[in-house]
Amino acid sequence: MSISKNSLLLIQILLLFFTDVKSQSSTGNSFSIITPIEISEEVEKINNKKDSEIPYRIGKFGDIPFGKTVLAMIFIEEQSDGSNYWCNYDTTKAPVELTSYASIYKEYLPMILVDQGQCSYSRKALNVQLRGGLSMLIVDDDNDLDNNDKYNVLDLRGNSIQIPSLIIPRNYGDILKNYIRQQKIKREQNKGSAPEPIIISVRFSAYNPDGTVEMDLFMSSDDVNAIYFFKEFENYKDLLGEKLKFVPIYKYHNFPSYTASNYIQMQQEAPCFAKKEMHFCSTNNTDLGIYNPRVVLLENLRQSCIFINYGLEKYWQYMIEFGKLCVDLEKPLFSEECSTMALYHIGADSKNLTKLKNCMQDLVDFNSKVDDDYDLYNYRKVYEYPLITLNGIKFKGMWLPRAIFNSICTSFINDEEICGSPQAKQLSKNLKLYPTSLIIIVIIFLFFFTILLILCYRRVVYRSVEQTLIEKIQTETIRSIGKYNKVKSNKSSE
């Protein structure tokens, strides 16, 4: 059975339409077979003819295109001895069909199908990535995906992997593998006839069952971008309301060679405090006039305590005031005195200040918040900050409130009352990267500047030409006069 490319494109358009409609009323996840129809029929049998969708999970690494529908073509390469082909870096090669199909089916993402076992998923994914695969499909050893975390782990390779990975149950994977094997046999028997490829459609989504989004902000109290984020995202935070579960995660460094003091007081000679045989420290920030890293360390603790004791709203208010008063690159006032002023601005009194200092001491002596924050940076492989994760997934778009909010609505919650509300549309309109009027002014300026530049260039060219002509005329005149004088002199001598 064969299928024309035009028919295939028509099927894609219809499938994408129905996939998008379905995503609005369900979880938004889908894994469907576009072609061949035989595979869809086999999948329907497993699903008791309810639908032809394949259940799947997403790997814990790679760049996941959340909110997108991806069309992919499946390829397979196996070892004849049954060993797991994609665990061996030195011996693997790209599937033969990958090269021949690449020029014909450019619109499809090449997806390499691999088996579970013998090495971690991330090792296989890195190998697939090195061989030209742009995505990986893992066939689990079990029909139940609840037990597949043994190989789906983060390790040192995770940060190098860019391709997305999917995991499907064994019974569905067997259908795909058997079809590809049969097609290879047919191709060998009938040389010259190309087998019908497997084309799939996958919609990546990450909706929480309860319709909320967990936003973790990895930051330090002296990071300007993180501090300004609170003011810029405030309206969106209010719009999301209880849908947003926000937690700040503060950065602590471990410098064993630095001196430490566990007393919550300003000590120039002790930039760190010791805990569990580690030295938790911060760093200088000369842009904000910070030359004692302990100032940053204590502010991290203070902000954590405000969040722990007074909740999200008071914490958010404090961060906005702290940004206004203390984090100014032109006139920085980053200090304990400035933070105290910011606390008074949000209604704190002396009792609140005492409570916060006690909390800060507890964070050093007993509370695990500092340890948890430190461990999360390592577990999530956060090497640069500020960074936002949404339901555990790193946000990699533009650091703009509108972009973050749109990502939340596209991929993590399914609430038209929030995402399609007049307030959301107005915010999106008001918070454009550059206002339309400014863009028009810039275009007009560039237009006139270009004209002026052309005129100036023409004037310079004309002057240069004129000067050259004058010089030539003068030269020729001098030559003519010289010749004339020479002729005249010759005649006189005669």
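**Checking the labels**

Student: What makes F307 count as buried?
Tutor: This is a predicted model, by the way. F307 has a relative accessibility of 19%, and buried means under 20%, so F307 counts as buried.

Student: How do you know that Y315 is buried?
Tutor: The relative accessible area of Y315 is 0%. The cut-off is under 20%, so Y315 is buried.

Student: Why is the pair of F307 and Y315 called edge-to-face?
Tutor: Their ring centres are 5.3 Å apart and the planes are at 80 degrees. Rings pair within 6.5 Å, and planes over 60 degrees apart count as edge-to-face, so that's the name for this pair. Both rings also belong to a cluster linked by ring pairs, with F229, W316 and F405 among the other members.

Student: And what makes F31 and Y56 a tilted pair?
Tutor: Centre to centre they are 5.9 Å apart, with 50 degrees between the planes. Stacked needs under 30 and edge-to-face over 60, with the rest tilted. F31 sits in strand β1 and Y56 in the loop between α2 and β2, so the pair ties together parts 25 residues apart in sequence.

Student: How do you know that the length of helix α9 agrees with its 16 residues?
Tutor: At 1.5 Å a residue, α9 should span 22 Å, and its end C-alpha atoms are 23 Å apart, which agrees.

Student: Why do you say the buried residues of α9 line one face?
Tutor: Seen down the axis, they fall within an arc of 140 degrees, so they line one face of the helix. On the other side, S350 and K351 are exposed.

Conventions: Residues are numbered from 1 along each chain as its sequence is written. This is a predicted model: local features need pLDDT of at least 70, side-chain atom pairs count only at pLDDT 80 or more; totals for chains, interfaces and linings use all residues. Side-chain values use heavy atoms; hydrogens and water are left out. Helices (H or I, at least four residues) and strands (E, at least two) are DSSP runs, numbered from the N terminus. The expected span of a helix is 1.5 Å times one less than its number of residues. The arc is that of the directions from the helix axis to the C-beta atoms. Buried means under 20% relative accessible area, exposed over 50%, partly exposed in between (1.4 Å probe, protein chains only). Rings of Phe, Tyr and Trp (its six-membered ring) pair if their centres lie within 6.5 Å; planes under 30 degrees apart count as stacked, over 60 as edge-to-face and the rest as tilted.
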